[in-house]
Amino acid sequence: MSALELDFDSCYRAVSARDARFDGRFYTAVTTTRIYCRPICPARTPSFRNVRFYRHAASAEAAGFRPCKRCRPELSPGDPGWDVRGDLIGRALRLIDDGAADERGVAGLARRLHITERHLHRLFVAELGVGPLAVARTKRLLLAKQLLTETDLPVTDVAFAAGFGSVRQFNATMRETYGFTPSELRATAGRVAAKVADAAGPVSLRLRLHRREPYDADGVFGFLASRAIPGLEVADRTSYARSVPGGTLTLTAQPGHIALDVAVDDTRRLTRLVGRCRRLLDLDADPHAIAQALGQGSLGPLVAARPGLRVPGTFDGFELAVRAVVGQQISVAGARTLLGRIVARAAAPEGLFPTPAHLLDTDLTGLGLTNRRIATLKDLSARLADGRIDLDGGQDPADAVAGLLDVPGIGPWTASYVALRALRDPDAWPTGDLVLTKRMAALGIPHDHIERWRPWRAYAALHLWSSS
């Protein structure tokens, strides 16, 4: 659906009903107040004569509307339509969420996608009505608005955390777009700016990450806990913590949202951390569409038993690929042990998971890995280090999978597992997975039903794994 194809009557009915299923899918702009809202805004439903509908918050802001202080569009879950798309627009939006446009500009974003800046702009205008620069700017503004409202972070730190190049640019953009300065917004939110912390110490803050309901937090956190790598992650059925560049983060399940506690030495890392945490916990999925597609057939009892089940993602694509290779044909517990040894020997400073270049230079003998497995990890590291494979959003998923399959020692199961969790392919199916085969046989599900579960086969796989 392009920016110009939103059905007015359907959108207006959703707004009138405050239907949470449409939160994040579009925004309602009111011409009399010049404010745009989420479909679930508790304010009185405006007259149909005075509303406009926009697919993206950036489109509403480009048309001269400012975000509602009551429903707070910055808290909307992401549009699930973009979250699962592997085309250029979907990948570009994922990279913008990851901070690529803030770090390298739109030109760098286009290079990462291997297209021209002009072509990227043309695609964005056709789909969203605005260019990638406007989308990146709105992303920065909405994150800044959340930080000003929910934290006591000094305005200077907020500016850099949200991706602005200077405090002056931040102030000017806020005033131009929203009609108020950062300090004025903070005052209306009832917060007082914190004193500037010791420059040598980390900055700690808490943010809310909103999700679509129902959300199977127990299933997601349980999945991550059973696979937590010693020395890198600590997790249980309600929380997940890990080392990240420049600090640590902790995610905790709360009623209606996920609490993200971050301690980092540079707030400019925050944009990337937020985007990756959302994908790690699959917060932007559409549980109603998934349940409707999978709940009518042979998976019906499993879907009913686990409403809101999600596919856990990953914090880093290379890390997930290494997990998949190490986990080939061994138990989850055995894979954790080997991965813990790899992290202990090859971990970068601060206890981080090694980068491709670092792992490539690390001696992996004596850890319990076979020579063939070591060779596979080295080849994989080399291909990611030199950019032949990109598992963090820049490469077409089909090309990334093909690149993985070219690595000796990586077969269809490993590539599919990486596609399922790192590439966020909702239709990925771990071909040849023994547990899935056994569960389907135990439940009397014929093998040809796998095709009936498209385009949500990844979620079908999680339902089967979770039922074992």
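Mentor: What follows concerns the domains of this protein and the contacts between two of them.

Mentor: This is a predicted model, in which local features need pLDDT of at least 70 and side-chain atom pairs count only at pLDDT 80 or more, while totals for chains, interfaces and linings use all residues. Residues are numbered from 1 along each chain as its sequence is written, and side-chain values use heavy atoms, with hydrogens and water left out.

Trainee: Which domains does the protein have?

Mentor: The assignment gives domain 1 (8-76), domain 2 (81-189), domain 3 (203-267) and domain 4 (317-467); such bounds come from an automatic or database domain assignment.

Trainee: How many residues of domain 1 and domain 2 are in contact?

Mentor: In domain 1, 15 residues are in contact with 18 residues of domain 2, where contact means heavy atoms within 4.5 Å. The centres of these two domains, taken over C-alpha atoms, are 20 Å apart.

Trainee: What about salt bridges between domain 1 and domain 2, how many are there?

Mentor: There are two salt bridges between domain 1 and domain 2, each a side-chain nitrogen of Lys or Arg within 4 Å of a carboxyl oxygen of Asp or Glu. Arg72 forms a salt bridge with Glu150, and their closest N and O atoms are 3.3 Å apart.

Trainee: Which elements supply the touching side of domain 1?

Mentor: On the side of domain 1 that touches domain 2, α2 (57-62) and β4 (66-67) each supply at least two residues. The largest share, five residues, comes from α2. Helices (H or I, at least four residues) and strands (E, at least two) are DSSP runs, numbered from the N terminus.
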